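Please read it alongside the sequence and the coordinates.

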Amino acid sequence: MNKKAIPSAGDVRVSRRQFFKISAAGLGTTSLAVMGIAPTEARAEVRQYKLERAKEIRNTCTYCSVGCGLLMYSLGDGAKNAKAEIIHIEGDPDHPVSRGALCPKGAGLLDFIHSPGRLKYPEVREPGSSEWKRISWHEAVERIARHMKADRDANVVEKNADGVPVNRWLSTAMLTASASSNETGILTQKFIRSLGIVATDAQARVCHGPTVSALASTFGRGAMTNSWVDIKNADFILVMGGNAAEAHPVGFRWAIEAKKQRGAKLVVVDPRFNRTAAVADHYVPIRAGSDIVFLGGIINWLIANDKIQWDYVKAFTNASAIIKEGYSFNEGLFSGYDEKAGKYDRSSWNYELDDKGIIKTDPTLAHPRCVWNLLKAHYARYTPEVVSDLTGSPQDGFLLVCKLLGETATPEKVGTILYALGWTQHTVGTQNIRTMAMIQLLLGNIGMPGGGVNALRGHSNIQGLSDLGLLSTSLPGYLVLPNEKQHAKLADYLTSNTPKALRDGQMNYWANTPKFFVSLMKWFWGDKATKDNDWGYDWLPKWDKMYDVIQIIELMYQGKMNGFIVQGFNPLASFPDANKVAEAFAKLKYMVIIDPIATETSTFWKNQGESNDVDTAKIQTEVFRLPSTCFAEEDGSIVNSARWLQWHFKGAEPPGEAKSDQEIIGELFVALRDLYRKDGGKVADPILNLSWAYRDPKAPTPEELARESNGRALADIPDPADKTKTLVKKGEQLPGFATLQDDGTTACACWIFSGSWTQAGNQMSRRDNTDVGLGNTPGWAWAWPANRRILYNRASCDANGKPWDASRRLIAWNGERWAGIDVPDFKVDAAPETGMNPFIMNPEGYGRLFSVDKLVDGPFPEHYEPMESPLGTNPLHPKVVSSPAVRLFKSDKDRLGTHTEYPYVGTTYRLTEHFQFWTKSVRLNAIAQPEQFVEIGEVLAQEKGIRQGDWVKVSSKRGFVKARAVVTKRVKALTVNKKTLHQIGIPLHWGWEGVAKKGYLTNRLSPSVGDCNTQTPEYKAFLVNIEKIAGV
Amino acid sequence: MPLQSLDILRRSATTTPSTQARKPIEVAKLIDVTTCIGCKACQVACSEWNDLREDVGSCIGVYDNPIDLSAQAWTVMRFTETEENGKLEWLIRKDGCMHCADPGCLKSCPSPGAIIQYKNGIVDFNEENCIGCGYCVTGCPFNVPRISKEDSKAYKCSLCSDRVAVGQEPACVKTCPTGAIQFGSKEDMKEVAATRIADLKKRGYDNAGLYDPEGVGGTHVMYVLHHADKPQLYHNLPKNPTISPLVSLWKGATKPLATLALAGIALGSLFHYVAKGPNEVSKEIEDEIEKEDAQ
């Protein structure tokens, strides 16, 4: 530590000279006071309380997915003549999760609202220009609409080569905002799909994509299983693949609570001793990119040491299921690999079925092809020695984690895992999470209070944007957007997305797909969606391949994209290989930025010296920048990580001429529709027929949109139990998704949100924080699905319906129905004897140790090296080093480095003082962490002659950043594959816009390659070099 | 203002006794260093509530920012990496005013009513009355008060006396994500600390303990430390803080003498004071001291 620069209490050795220096002048003034010159009146009073009559407004923090409650105070008491202006924000003490607390980002929100970076007026940067020009909203909307129409008319694909109507517009892409409300999200969904946009993504793509993929393929739903407060019920907490204390400080309070109240143990496994480790019982270092070895080693250890909750595993997992004969794993490859295509044929990775289509099982687990035996064989290679050799983790640390996790294999002990992007941002991201999900099944920790696999989502509404399907190939409620080959017709779509139960008596909830889908189509196209036109199926865009962000940038880079609409996103900073991204942007004809603050993306054309060395005059992209509202200036709902939909309220008007996203989208849509009405155009029907029955078509309100997400009856809905009765009257809001119909008599934008705004009103704004037990507060806000707070809670009881642990009684079978303190995630009247299994979204009802054919890179997780491996080999199978199912574009392949040129592992991450690239525009946060730095260990620092605070240059094959060096004991050299390995920590928050010290975009370093299943970029393990430089 | 919601115990440089009839409860802030994640929410909330904004600084190779207390930063996190019992520890201590029961700042303050100690334990600065002499800086055993470059007045944590006066907890306490900062009666806080210490001892921290140093009469900001036997580990938290003997010297028996002796010099530098403000040492004194030091 640099003691010289930081004075501290212990250093108070005031020298005689200093003392006199301070006090002599003082003494002078004392004497002057004596002589009557200085003030004489000795009053004593505290500062007056500044909020006495200020108006108080409730809101939800806009940064991460903990979803902390806010109290905002505005100038004036609400009188019409007082112009409201937020003067202070603090935590809402009534909020069940945050209980008044806010992290450094939340505590500094005032400076975000009033940031000098806030955009106030529509602006344009004309082609080749070096400056912004203020324009009117009218001009902005007109010009953008004309650009869009011209591009769409020229490039929309009406039908594919097979004659299938595909309404696909690929030459303009749109990014959507994970901090915007659900109401903005759902309106944007309607807008983009009517236009045929499939090149679209939200931040989920660069963030928790693999979570959805891993958890859905294991448990049936892709969301955090438990809730924030529930973490307090854990006996053991593992933080790995994440840094909960820094990224989710207020949610992490419940881990501390578990420590304090239950004596829980907390262990951190991470490349760095981070701020979570600072309060952990144990810390175990690990090489970035080797998590599957560590976790696979745990599976092996649990099996070898019989730390398995057998009753749970046998009853609720697919351990006993028999897998098809063709399945195999050899030398790093699963069966079915097509080397030329670089893809697997997954047909052998599936259950063996009997004549009736029911899965075959062997309850004795003796069958050589049952999942249990395949699992055992697969992980037998992951011995503690192999683990230590490949991860660099000391063996005693690894074994300690095994032991502590193993202790939770009994019904009375429960462990949980808190993870985030440390697991997702790898080419094996999905499989990292899968491995942990399997461990939790083996230990019987899923469905249990204090258990689960807790994905700590990033943005405040990234869960919501995922729920609303704002990803390239998705639709709301985890329905898929139709594919042109598999789903050419509605019947194909419904058949392939409506699975049959694989065991007798299973709930198989996706059997209801037609109800969800038809109701969605009625929301899209209203009266124009009829049974005769297959509910407007032909108007829905059909995809040919996934247009995720890496694919979008590749197309742009190749000059195949003309337009890019960026809503609340900073892709230049958050996409991989920023230098490539900047080149790609320069090839666009037009770009539209919708954002509350100035982003690097919006000024990609400005030369910033070394950190953005572009030739402004040559960049012909026309850039529009539209100012939007922030959270404090709008009503709406956002979904936290625990799936709670929380409603927030507007506290003040936005600055200048800023408008809400809903208004911006509304104006753009109406302008476009007018152009199509007036001038005609290609594939106009989906636009002209779109249901847009808002009171003000140019400004749909949050309330109107929230009601649409819930859904309403378009005709009287008869009660299936008694047809003479009516369940829901025509025009009424639906009580929940169970009333959805597949005959066009219900409209619902997002089936999983059904129940959020019923006839009884807005359920998301409920504020009853009564704890009904185990920290559960069902009266606070509303959680999807059906207000269930802990997913798969049927599994908290044994096969007979009795809670595994009486002290963790969530629900139980009372002889007639399932009931308790949570809404049963189960058919309420299905008796335990029916044999219905707890994972109701899976057609066999099991939690999957073997993920059947859901994932592209294997039914069991296997360790593959990052694309840039510091070893240059994979000691487990040297012929297959990195994942064989990776998608890698040629242009990106050429930009990969090797360990001989770039010997160190670079890993990027967030610091608790900042949120992504926003808070560098927030003064309070810039003060708390002002300048870009990288973290290196003492040994490497010594080798390179780098001292505390020196300037260093970190380079990869793709680019470099210059930053200060933090030399620390907290990053240790590891021994991996018999060699010393150094890791370099690279916090990601800097750029050239904002009030913090200017810096370099970290993603100049990272490679443009993603997780095999979801294309979430590999930010957590790539190769770099480092050198000391003179100051910048 | 004797009849405000916080009763005054004593005021600097004032001989008039304060009212004594009311007996409000003594409050305290407990900082459990062992559950502090160093997120700096308390720093930010403090600045936000108190309308302070320090300059945007630099990274000097550590996580500490702002790197020191100032008139614009009343609390800062101090990060220390250490290896104790063969185990790496990252000790993070929230630094700021300790609100001593026997406050060295108040005792050394020559300006009437610039420093007030309330009966609930809060030691508050009233900048209106501050003459910027810097005695409080010298008098503080924790090196906390800072003189503002802008107005040459002394500033430090008020324990959010404005919030406490209306029944709220200080801003830093409320915002603390992990509950590492708590607020309540001093008695309750000691009990909370005892529970924490028992838990820490169970986890192998044999020397866990409470920091409530007697040398300053106890404090109204207390720490739970894993290594209470070595407070210096926490970025040099003093082991036995006491008020500087120099303060006693100036403010004790020799005060009249000293005042007389230096009154002449003060008078001599009157024009200097008027021209340059009170926080400047006159050139003559400085030269004189330098000469002495050189000998």
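## Confidence

Where pLDDT is low, the predicted coordinates should not be read in detail.

Residues are numbered from 1 along each chain as its sequence is written, and chains are lettered from A and ligands numbered from 1 in the order in which they are written.

## Burial and core

In chain B, 57% of the 295 residues count as buried, that is, 20 or more other C-beta atoms lie within 10 Å of their own, whereas exposed residues have 12 or fewer and partly exposed ones fall in between, with C-beta atoms placed from the backbone. The largest nonpolar core has 403 residues, and those with the most contacts inside it are Ile237(A) and Val954(A); such a core is a set of buried Ala, Val, Leu, Ile, Met, Phe, Trp, Tyr and Cys residues joined through C-beta atoms within 7 Å. Beyond four places in sequence, the residues touched by Ile237(A) include Ala255(A), Leu266(A) and Leu418(A).

## A sheet in chain B

Chain B has 10 helices and 11 strands, taken as DSSP runs numbered from the N terminus (helices H or I, at least four residues; strands E, at least two). Three of its strands form an open sheet in the order S1-S5-S6, with antiparallel pairing, where two strands pair if DSSP finds at least two bridges between them. Strand S1 (8-11) and strand S6 (123-125) of chain B are the edge strands, each pairing on one side only. S1(B) and S5(B) are joined over three bridges, and Arg11(B) has Ile116(B) as its bridge partner in S5(B).

## Backbone details

Two residues other than glycine have a positive phi: Asp534(A), near 55°, and Cys160(B), about 50°. Asp534(A) is partly exposed, with 18 other C-beta atoms within 10 Å, whereas Cys160(B) is buried, with 28.

Cis peptide bonds join Trp784(A) to Pro785(A) and Asn65(B) to Pro66(B). Pro66(B) is found in the loop between helix H1 (41-49) and strand S3 (76-84) of chain B.

How values were computed
This is a predicted model: local features need pLDDT of at least 70, side-chain atom pairs count only at pLDDT 80 or more; totals for chains, interfaces and linings use all residues. Two residues are in contact if their C-beta atoms, placed from the backbone, lie within 7 Å.
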